[in-house]
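Let's take a friendly walk through this model together. Keep the viewer open as you read.

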Amino acid sequence: MKIYWNDCRNAIRAFTLRRGWNAAKVLASYFLARWTRRPVQWGLPVMLSVEPTTACNLRCPECPSGLRAFTRDTGNLKADFFRRVVDELHRDLFFLYFYFQGEPYINPKFLDMVRHAHTLGLYTVTSTNGHFLDDDNARRTVESGLDRLIISVDGTTQETYEQYRIGGNLDQVLQGARNVVAWKRRLRARNPHIIFQFLVVRPNEHQIKDLRRLAREIGVDEVKLKTAQVYDYRHGHPLIPEQSRYARYARLPDGTWAPRHALHNHCWKLWHACVVTWDGLVVPCCFDKDAAHRLGDLKNAPFRAIWQNAAYRDFRRKILIGRSEIDICTNCTEGCRVWA
């Protein structure tokens, strides 16, 4: 496994004794909960995802933002509300992810929020479709102190790219990546660690080698391959890759399809991480895209109270008893094993 030393250094910079102690408590409570089948929870989240916006400029076919399919309200995260939430948690928190649904750069205050999180010593990450990385935003991204920038590049030709990233322009995305690389060099900055994320689907699986070559030419730090989530997979789907190692689903003897991983009755995410929507709803994880499982509302209660409330305890208990009965878990790869 290749080690990216600058990225490791950025993560180490965020470490404090208090954050380390909090992480140890969370980990211990997770294993105790697995052993006792009781929803024991010590400490506060190690990782928090916040949603800058639900808006998106693209129309990707397996994304609620792209499909404009939300039943929940849409909007932008307000900077003062964000500061209130993060200021409550930052002494124990380690990682702050600026994404859930939507395109983060659509929020005009997004990079101001990144800068605030950076001043609090948090390791910050965002994921973008790359269409808003013009020269000015590229400079501001580097200056914000963002630690990791994930750019979705799901094809190396426009013809392939637009089969999933509907409405997208590959040349614009690649130029955005070049802009960030250029400003890193100009400002002699170590941040951000730039990743090309490749969502492997049938139309693009033949271009993986081309993407690695393209990333080297541009100066991107890393390439990551990601399996694609498909909602209607039971009878197959044209997005499921032919190369099984890149597919989240497997064909069964009766001709139907199912997730390749068997669900176990535990989930690390429910112990160490949390998602906050743009309007302050606390939901279990990134698979609850429509915020159907609302565990609290930060407009009405502090995070610490929500993290230990009855709704959270009940959800963790359900995970430990029968995870396959929870709708958002059935298409998830967390805490699972590959079938033999």
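## Ground rules

This is a predicted model, in which local features need pLDDT of at least 70 and side-chain atom pairs count only at pLDDT 80 or more, while totals for chains, interfaces and linings use all residues. Residues are numbered from 1 along each chain as its sequence is written, and side-chain values use heavy atoms, with hydrogens and water left out.

## Overall build

The chain has twelve helices and 13 strands; helices (H or I, at least four residues) and strands (E, at least two) are DSSP runs, numbered from the N terminus. The C-alpha atoms fill a box of roughly 55 × 50 × 40 Å along the principal axes. A compact globule of 340 residues would have a radius of gyration near 20 Å, and the chain agrees with its 20 Å. That radius is taken over C-alpha atoms, and the globule rule is 2.2 Å times the number of residues to the power 0.38.

Of the 340 residues, 56% are buried (buried means under 20% relative accessible area, exposed over 50%, partly exposed in between, with a 1.4 Å probe and protein chains only). Among contacts (heavy atoms within 4.5 Å) between residues at least 6 apart in sequence, 69% join residues at least 24 apart.

## The nonpolar cores

A nonpolar core is a set of buried Ala, Val, Leu, Ile, Met, Phe, Trp, Tyr and Cys residues joined through side-chain atoms within 4.5 Å. The largest one holds 99 residues, and Leu48, Phe82, Leu96, Phe98, Ile151 and Phe196 touch the most other members. Helix α8 (residues 170-186) gives this core its largest share, seven residues. A second, separate core of five residues includes Phe100, Val275, Leu281 and Val283.

Not counting residues up to four places away in sequence, Leu96 touches partners including Leu48, Phe82, Ala117 and Val125.

## Helix α5

Ala117 also belongs to the buried set of helix α5 (residues 110-119), along with Phe110, Leu111, Met113, Val114 and His116. Which elements cover these residues? The cover includes α4 (79-89), β2 (95-98), β3 (123-128) and α6 (135-144). After α5 comes Gly121, with a positive phi near 80°.

## Salt bridges

The model has 14 salt bridges, each a side-chain nitrogen of Lys or Arg within 4 Å of a carboxyl oxygen of Asp or Glu. In one of them, Asp7 pairs with Arg148, with the closest N and O atoms 2.3 Å apart. Asp7 lies in helix α1 (residues 5-13) and Arg148 in strand β4 (residues 148-152), so the pair ties together parts that are 141 residues apart in sequence. Both Asp7 and Arg148 are buried.

Asp136 is three residues from Arg139, about one turn of the helix, and Glu143 is four residues from Arg139. An α-helix has 3.6 residues a turn, so residues three or four places apart point the same way. Arg139 counts as partly exposed because its relative accessibility is 25%.
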